[in-house]
Amino acid sequence: MKTHQRVSIAIPTGALLSGALKVLARAGVARLNAGELGRQLLVDRSGLRVILVRPADVPAYVDHGAADLGIVGKDILWETPGSHYELVDLRFGGCRLVLAVPDASRLDGPETWPPLFRVATKYPHTAAMWFEAQGHAAELVRLHGSVELAPQVGLVDGIVDLTATGRTLSENGLRIAAVLGESTARLIANQASLKTRTDAVQSVVSRLREAVNDAR
Amino acid sequence: MPGFRDLLPAEAEVLREAQESLLAEMRRWGYRHVITPLVEGMDVLQLGLGGEQRRRLFKFADGRGEVVALVGERTVPVARLVAGKLRAAPLPLRLCYSGPVLSTDAGRFQQRRETYQVGAELIGAPGPVADAEVIALAARCLEAAGIRRYQVDVGHAEFFHGIMDAVKLPAEVKAAVRAALAARDFVALEALLERTPLRSAEHELLLRFPALRGGPEILEAAGGLVRNRRSELALAELGQVRELLVTHGLGGVVNLDLGALRDFDYYTGVIFEGYGPELGRPVAQGGRYDGLLARFGRPAPATGFMVQLDLVAEMLTHASRPPALPRLDAAIAWSGDGLGTALRLGATLRLFGMRAVVDTESRGSGEARAWWHAVGAVNLIHCRGESTVSWTPRGSRMRRLPPEQVAGRLAAGLS
């Protein structure tokens with residue numbers, strides 16, 4: 001239906017960028033280097049348009065149809081569910097969303113939690129859903145960065161944050177009390193692109209899927 | 001207020017025109033127009049809507065303490081009408097409607113809580129002929145509204161129900177499979193099915209059915225995979241509907257989509273979605289809902305669809321050649337004792353179907369030209385007396401002529 005048959009894919013800046021470029025290259029979809037993309041933000045290469053955007057913006061580009069496909073961490077999808085299709089687990093960028101409390105704290109399992117758990121997080125929606133599923137009341141403080149600091153200065157009892165190795169947590173005197181979920185990079189697709197430009201979009205999806213399966 | 005907005009003439013007139021075209025097409029197919037209220041009692045809406053839809057309603061208590069809500073869709077009110085005030089009307093009934101619908105949920109990106117829907121319902125007719133009629137009507141409606149390139153994806157809710165019946169999975173895994181599909185999360189779906197030890201044809205089908213899209217050949221491909229009666233009947237029906245749509249002259253725009261994921265608790269048969277160019281969402285959607293009317297006490301098969309009017313308008317205004325807004329034909333200024341002539345000339349032009357504005361105050365020729373430009377009309381006609389008027393078409397020189405000659409030339413399209 002679209003006038004052009006070029007497939008566009010939104011990929012995130014930050015921690016997932018190098019993994020995203022690697023999987024695109026391994027799938028034979030496009031070879032790009034981070035420097036080139038960082039300068040131009042938008043590169044057309046062998047029938048594919050690659051758009052570099054902030055991680056949390058990937059679903060917006062895909063849901064609106066500005067990009068047919070997107071590569072994004074599952075943590076972002078938990079926080080901002082949309083109308084896209086989640087197609088492939090790309091199996092890189094693995095990390096966990098955890099509830100962490102100060103080392104010195106007596107807090108552990110739910111039975112030790114205060115009646116109203118004060119939590120700082122960049123993931124208020126996901127954290128709220130999780131606490132609700134636990135049947136526990138939580139007061140969520142939305143922060144935009146340096147979440148690890150919040151318990152040390154007495155702002156909150158604990159934090160809900162993403163961790164890959166746990167190092168940042170231990171460096172800040174925090175330990176993991178519970179795991180909310182495991183996140184990896186996902187391939188998402190616009191609902192209309194899959195239907196109106198099936199062949200072109202499916203071909204990119206299949207190549208990425210194969211590249212991931214071959215690497216297992 | 002977030003999610004609510006004003007539509008200015010550039011949008012509002014396109015939207016209104018599209019609405020008229022859609023309703024006119026529905027009337028050409030014999031659908032009668034009904035208007036249901038913006039407010040419905042919760043007792044009515046509760047009968048027809050799922051939990052998630054109910055949650056998104058704007059609810060409040062009216063003066064008598066009854067809980068009422070602003071409608072979030074308009075099929076349920078039509079069902080209430082058919083089972084209530086229209087219960088003596090013989091079936092099948094063909095009804096159409098138009099109006100705003102409201103949602104407390106602004107949506108993450110769209111930020112719209114008030115949208116406009118135009119819809120049609122065919123109530124009391126079972127089977128593929130009725131299914132095909134409604135799909136064909138939806139397609140012709142999109143054309144009538146001015147959307148030249150579009151496609152319609154047709155699927156069947158029973159195909160999925162048949163697979164879910166036949167697949168051997170614990171109840172809680174089945175529930176998780178439904179939840180994953182509702183969230184369009186195929187990663188979760190694969191993970192769920194990978195963990196189950198029992199493998200069957202239906203397992204494979206659950207993983208593959210979302211990709212079963214295309215022409216009539218996919219019916220055969222799917223037929224080779226299914227081993228249950230319910231899905232087989234769905235495929236047979238889908239094949240009939242497709243053939244009927246070819247006869248309707250729509251073979252070129254119809255795709256079969258066995259992976260269409262919709263509200264499966266509501267839809268009971270053939271379902272479809274219409275897509276336009278360059279828009280990330282379906283612009284029309286509908287299907288068969290044979291269970292709804294029974295909840296209102298008048299069991300009847302039913303099928304229908306609605307068009308998202310604001311998406312249609314958006315598509316039209318963003319097209320490479322947006323529809324020309326109806327222009328204002330004449331700005332009629334006057335001075336001295338020219339008011340009578342101006343009013344009569346305005347009436348004459350409108351009789352010929354032209355758009356004419358008569359000034360509310362007397363102006364000299366310089367001021368009249370400024371007013372003409374502000375109004376944005378094609379012609380300026382300045383009336384100073386009864387016998388002659390000064391007529392200036394845009395981009396031409398001014399001429400003095402008797403008013404009836406100006407009217408005659410404008411009506412004939414001359415300048």
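Predicted model: local features only at pLDDT ≥ 70, side-chain atom pairs only at ≥ 80, totals over all residues.
**Entry 1. Chain A overall**

I began with the totals for chain A. Its secondary structure comes to nine helices and eleven strands. Along the principal axes, the C-alpha atoms of chain A fill a box of roughly 60 × 30 × 30 Å. Of the 216 residues in chain A, 38% are buried. I then looked up the contacts in chain A with a separation of 6 or more, and 66% of them join residues 24 or more positions apart.

**Entry 2. Strand β1 of chain A**

Is β1(A), residues 7-12, mostly covered or mostly open? I found six of its six residues buried. In general, side chains in a regular strand alternate between the two faces of the sheet.

Strand β3(A), residues 48-53, pairs with β1(A) in the parallel sense over six bridges. Within β3(A), A:Val53 is the bridge partner of A:Pro12. Strand β4(A), residues 69-73, also runs parallel to β1(A) and is joined to it by two bridges. In β4(A), A:Leu69 stands opposite A:Ile9.

**Entry 3. Nonpolar cores**

I followed A:Leu69 into the core. The largest nonpolar core has 121 residues, and A:Leu69, B:Ile135, B:Ala138 and B:Val312 have the most contacts inside it. Which element gives the largest share of this core? Helix α5 of chain B, residues 128-144, does, with ten residues. I also noted a second, separate core of 21 residues, which includes A:Phe117, A:Tyr123, A:Phe131 and A:Leu174.

Leaving out residues up to four places away in sequence, I listed what A:Leu69 touches.

**Entry 4. Where the chains touch**

I counted 23 residues of chain A in contact with 19 residues of chain B. On the chain A side, the elements that give two or more residues are α3 (58-63), β5 (85-89) and α8 (191-196). β5(A) gives the most, with five residues.

**Entry 5. The sheet in chain B**

I traced an open sheet of nine strands in chain B, in the order β1-β5-β6-β12-β11-β10-β7-β9-β8, with mixed pairing. Its edge strands are β1 (32-33) and β8 (213-214), each pairing on one side only. I looked at one pair in detail: β5(B), residues 93-102, and β6(B), residues 114-123, are antiparallel over ten bridges. B:Cys96 has B:Ala120 in β6(B) as its bridge partner.

Which strands does helix α4(B) touch where it packs on the sheet? Helix α4(B), residues 75-83, touches β5, β6 and β12 of chain B, and its direction makes about 40° with that of β6(B). Helix α13(B), residues 309-318, packs on the sheet too, touching β6 and β12 of chain B at about 45° to the direction of β12(B).

**Entry 6. A helix pair in chain B**

I looked up α6(B), residues 157-166, against α11(B), residues 229-247. The two pack at an angle of about 165°, with their axes 7 Å apart. Angles over 145 degrees count as roughly antiparallel, so α6(B) and α11(B) are roughly antiparallel to each other. Their crossing is left-handed. The contact includes B:Phe159 and B:Ile163 of α6(B) and B:Leu233 and B:Leu235 of α11(B).

Technical notes:
Residues numbered from 1 in each chain as written. Chains lettered and ligands numbered in written order. Core = buried A, V, L, I, M, F, W, Y, C linked by C-beta atoms within 7 Å. Buried ≥ 20, exposed ≤ 12 C-beta atoms within 10 Å, placed from the backbone. Helix = DSSP H or I, 4+ residues; strand = E, 2+ residues; numbered from the N terminus. Contact = placed C-beta atoms within 7 Å. Pairing = 2+ DSSP bridges. Axes fitted to C-alpha atoms, helices over the stretch in contact; angles between N-to-C directions. Parallel < 35°, antiparallel > 145°, perpendicular 65-115°, else oblique. Left-handed = near helix turned anticlockwise from the far one by under 90°.
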